[in-house]
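Reader: I would like to go through the terms used for this model and see what each one rests on. Please set each value against its definition.

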Amino acid sequence: MSLIDLKDLSAAEMEKWAVKNGMEAYRGRQIRHWILTRFVESFDEMGNLPKTLRSLLKERARLCALRELKTIRSEDGTRKYLYQLQDGHSIETVLIPERDHLTLCVSSQVGCAMGCIFCATGKQGFIRNLKPGEIIEQVIRTKQSLEFPDRLKNIVLMGMGEPLANYDAVIKALRNIIDPDGMNFSHRKVTLSTCGLVPEIKKLANDVTVNLAVSLNGADNEIRSRLMPINRKYPLEALIEACRSFPLPNRRMITFEYILIKNENDRDRDAHNLCRLLSGLRAKINLIQLNVEPESPLSPPSMEQVLHFQKILTDRHFTAIIRKSKGRDILAACGQLRGTSGSEFS
Ligand code: SF4
């Protein structure tokens, strides 16, 4: 009999599973608490369960789906974790130090089918979706490795994969992550980033409350379709209309990520088009200078050009922030994740 990963279950499913296995429902809640709040690594640590129950759990369930293969640290304090999954594939998770907290960039798929031309994960192609437990366990394992786990406050689904292409598993994982009886992260501190799957953006807010980020990178269809093939299926008109109808709680904004690529999307007219496109939206724009990839024909603009681009946006009263990519030296920055034990891990 294959063992069930209990982190794959929602709160209600956990209770049902307990009952189906001859326990009372409250035992399901206790087990979930040990896993999602106390991060136990063995059933024997579940001190309030009788020995017979712990034995039954050992026969039918497992606690760990990931094996930490390696961790590397950047000069700037960023850490990249390489985790191996049960089937031998591997994924990367990136811990980013901010001034007063830590942010964890979590993967949702092995590889990615979206093929954005500036992204190392996209070049790998799609291998498989992660299960909810595999998404959650990236947070658990990383927290366990920290000296001050409470400093980890922010979660971003911006690692390997397109989260909305693995919709059901991602929603389930997010619900466990923000559930006060689960991992208890504030929903204000959890962000899902998408390349623009319009039907899923439209239903997301009904299923879970988290922040939305959109990887935009082009303000007209010609440029965006060249950089991001998904734009041919869901062009900017449809994407922006979905963003305009996205229900935003008070004072929240949608974050639009814009990777600046020399001579592709960094000209003055691109900045003016961006202003027109986002006009009237509660939007924050994150400008990111392209991270150079070996063998890529794409190159970043100068910092002078990045500042000039930003000024066009701020002159039009947009909030536009230049995000300094962290972890470039260990290929942990935006668009650099591969999930292989490549040279940076050796
Ligand atoms: S940027 Fe995101 S959606 Fe695009 S290929 Fe990379 S992982 Fe996939």
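Author: Helix 5 (residues 132–144) and helix 6 (residues 167–178) pack with their axes 8 Å apart, at an angle of about 40°. This is a predicted model, in which local features need pLDDT of at least 70, side-chain atom pairs count only at pLDDT 80 or more, and totals for chains, interfaces and linings use all residues. Residues are numbered from 1 along each chain as its sequence is written.

Reader: Why are helix 5 and helix 6 called oblique to each other?

Author: Angles under 35 degrees count as roughly parallel, over 145 as roughly antiparallel, 65 to 115 as roughly perpendicular and the rest as oblique. The angle between helix 5 and helix 6 is about 40°, and they are therefore oblique to each other. Their crossing is right-handed.

Reader: Which residues make the contact of helix 5 and helix 6?

Author: P132, I135, I136 and V139 of helix 5 meet A169, V170, K172, A173, N176 and I177 of helix 6, contact being C-beta atoms, placed from the backbone, within 7 Å. By class these residues are 8 nonpolar, 1 polar and 1 charged. Ala, Val, Leu, Ile, Met, Phe, Trp, Tyr, Cys and Pro count as nonpolar, Asp, Glu, Lys and Arg as charged, and the others, Gly among them, as polar.

Reader: What makes helix 11 roughly parallel to helix 12?

Author: The axes of helix 11 (residues 268–278) and helix 12 (residues 303–315) cross at roughly 30° and come within 9 Å. That angle makes helix 11 roughly parallel to helix 12. Helix 11 passes helix 12 in a right-handed crossing. D268, A271, H272, L274 and C275 of helix 11 are in contact with F309, I312 and L313 of helix 12. This contact has 6 nonpolar, 1 polar and 1 charged residues.

Reader: At what angle do helix 1 and helix 2 pack?

Author: Helix 1 (residues 11–20) and helix 2 (residues 25–36) pack at about 125°, with axes 7 Å apart. That makes helix 1 oblique to helix 2. The crossing of helix 1 and helix 2 is right-handed. Residues of this contact include W17 of helix 1 and R29 of helix 2. The contact of helix 1 with helix 2 divides into 7 nonpolar, 1 polar and 4 charged residues.

Reader: Which residues come nearest to the ligand?

Author: Of the 13 residues around the ligand, C112, M114, C116, C119 and G122 come nearest; a residue is near if its C-beta atom, placed from the backbone, lies within 6 Å. The shell has 6 nonpolar, 6 polar and 1 charged residues.

Reader: Where is the pLDDT below 50?

Author: The protein averages a pLDDT (the predictor's confidence in each residue, from 0 to 100) of 93, and 97% of the residues score at least 70. Over residues 341–346 the pLDDT is below 50.

Methods
Axes are lines fitted to C-alpha atoms, for helices over the stretch in contact, and angles run from 0 to 180 degrees between N-to-C directions. Helices (H or I, at least four residues) and strands (E, at least two) are DSSP runs, numbered from the N terminus. A crossing is left-handed if the near helix is turned anticlockwise from the far one by less than a right angle, and right-handed if clockwise. Two residues are in contact if their C-beta atoms, placed from the backbone, lie within 7 Å.
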